[in-house]
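The following paragraphs lead through the architecture of a single protein chain, from its overall composition to individual residues.

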Amino acid sequence: MRWQRRHVLSTEDWSRDEIELVLEQATAMLEVLARPIRRTPALRGRTVVLFFAEASTRTRMSFELAAKSLSADTSIITASGSSVEKGETLYDTVRTLQALGAEIIVLRHSASGAPYFVAERVSASVINAGDGWHAHPTQGLLDALTLRGALGDLDGKRVAIVGDILHSRVARSDVHTLVPLGARVVLCGPPTLVPSAWRGGSVPDGVAYEPDVDRALADADAVIALRLQRERQEAGLLPSLREYRSTWGITEERAARLRPGVPILHPGPMNEGVEIDASVAHGPRSLVERQVTNGVAVRMALLYLLATAGAGTEQAGDAAASPASPAEVPA
């Protein structure tokens, strides 16, 4: 298929073919990143603005490296020290960015739906780098790339996602990306941190809810541990962090009971000793560092696809581009 989208806001409505297209392109970008000089002129002369209205280190640096590896002109704006801090609206800020030549805007925002609001009002392409509890599409895609690298075809593979499901945009995006690839996702976490509808059985096709972490891990082909925000305990959603670790944490003992070869992922940043033990996070099963590298490749792939498909055009299908093989990505 050929790339048709002008924005990357969520993978919720993506087809398997679309996901496969991005993963194929990301695989080509991994070969670029393996070169002695990790740069290609593919986006030379194009302008990418990273607008991070919510704090981020890993995602922001990953997008910055991705844009620079493609030789794009790159600017970074954070809420702190910008006109946003002085009271400028999101709408006025992004309109200003577009007027300054932004062709692709990468937006991270604490409000769910903010990237949709922006996408409806600018001609630039918009990539959602995380919006509230809603979605983090590039994280879902990089997790899929990482799991495929470890497991091969994901058809029929059982992936356990453990932690704060209720507030996790990562969990939602993982579900929306892994299920179309044929994976069976098992969600596990404290009842207070799982959507009530999902606890009641109203889960999407290909998804199951299992409250007992040991049962959830018993037949898992892969495990994704989610970050636990400490404010959940302060809000009364958890008795204590110690109890969370003993009941739902990916401890060294639980990891040892997994079948041989079962990988463990985490989107970061990690609370070692809470949702995952340090020995597990840095042990032989951990693919956390590979996730970081794959994150750069996935974001390179999306920037490349958007730019070469006519970023900044008014219609989603005005132009399209087939994925480049490694040999076709300029050296």
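The model discussed here is predicted. Its secondary structure comprises 13 helices and 9 strands. Of the 331 residues in the chain, 52% are buried. When contacts in the chain between residues at least 6 apart in sequence are considered, 75% of them join residues at least 24 apart.

Five strands form an open sheet with parallel pairing, in the order β7-β6-β5-β8-β9. Ala-160 stands opposite Val-186 of β6. As a rule, side chains in a regular strand alternate between the two faces of the sheet.

Another parallel pairing involves strand β3 (residues 104–109) and β4, again over 5 bridges. Here Leu-107 has Asn-128 in β4 as its bridge partner. How many residues of strand β4 (residues 125–131) are buried? The count is 7 of the 7, so β4 is largely enclosed by the rest of the structure.

The largest pocket has a volume of about 910 Å³. It is lined by 38 residues, of which Thr-59, Arg-108, Pro-267, Gly-268 and Pro-269 are the closest to its centre. By class, this lining contains 14 nonpolar, 15 polar and 9 charged residues. Both domain 1 (16–134 + 291–308) and domain 2 (137–288) contribute at least three residues to the lining of the largest pocket. Four helices, α2 (58–69), α5 (137–151), α6 (169–178) and α13 (288–308), each supply at least two lining residues. With 7 residues, α13 gives the most to this lining.

In general, most peptide bonds are trans, and most residues other than glycine have a negative phi. The peptide bond from Gly-268 to Pro-269, however, is cis, with omega near -5°. Pro-269 is placed in the loop between β9 and α12 (278–281), and both Gly-268 and Pro-269 are among the lining residues closest to the centre of the largest pocket. The other feature concerns Ser-71, which has a positive phi of about 70° although it is not a glycine. Ser-71 is located in the loop between α2 and β2 (73–78). Is Ser-71 buried or exposed? Its relative accessible area is 16%, so Ser-71 is classed as buried, the cut-off for that class being under 20%.

Leu-30 lies in helix α1 (residues 16–33) and is partly exposed, with a relative accessible area of 26%. Which residues does Leu-30 contact, leaving aside its neighbours within four places in sequence? They are Leu-145, Thr-293, Asn-294 and Ala-297.

Technical notes:
Residues numbered from 1 in each chain as written. Predicted model: local features only at pLDDT ≥ 70, side-chain atom pairs only at ≥ 80, totals over all residues. Heavy atoms only, no water. Pairing = 2+ DSSP bridges. 1 Å grid on protein atoms, 1.4 Å probe; cavity = no way out; pocket = protein on both sides within 12 Å on 5 of 7 lines; lining within 4 Å. Points joined across faces, edges and corners; volume = space filled by probe spheres on them. Nonpolar A, V, L, I, M, F, W, Y, C, P; charged D, E, K, R; others polar. Domains from an automatic or database assignment. Buried < 20%, exposed > 50% of the residue type's maximum accessible area, 1.4 Å probe, protein only. Contact = heavy atoms within 4.5 Å.
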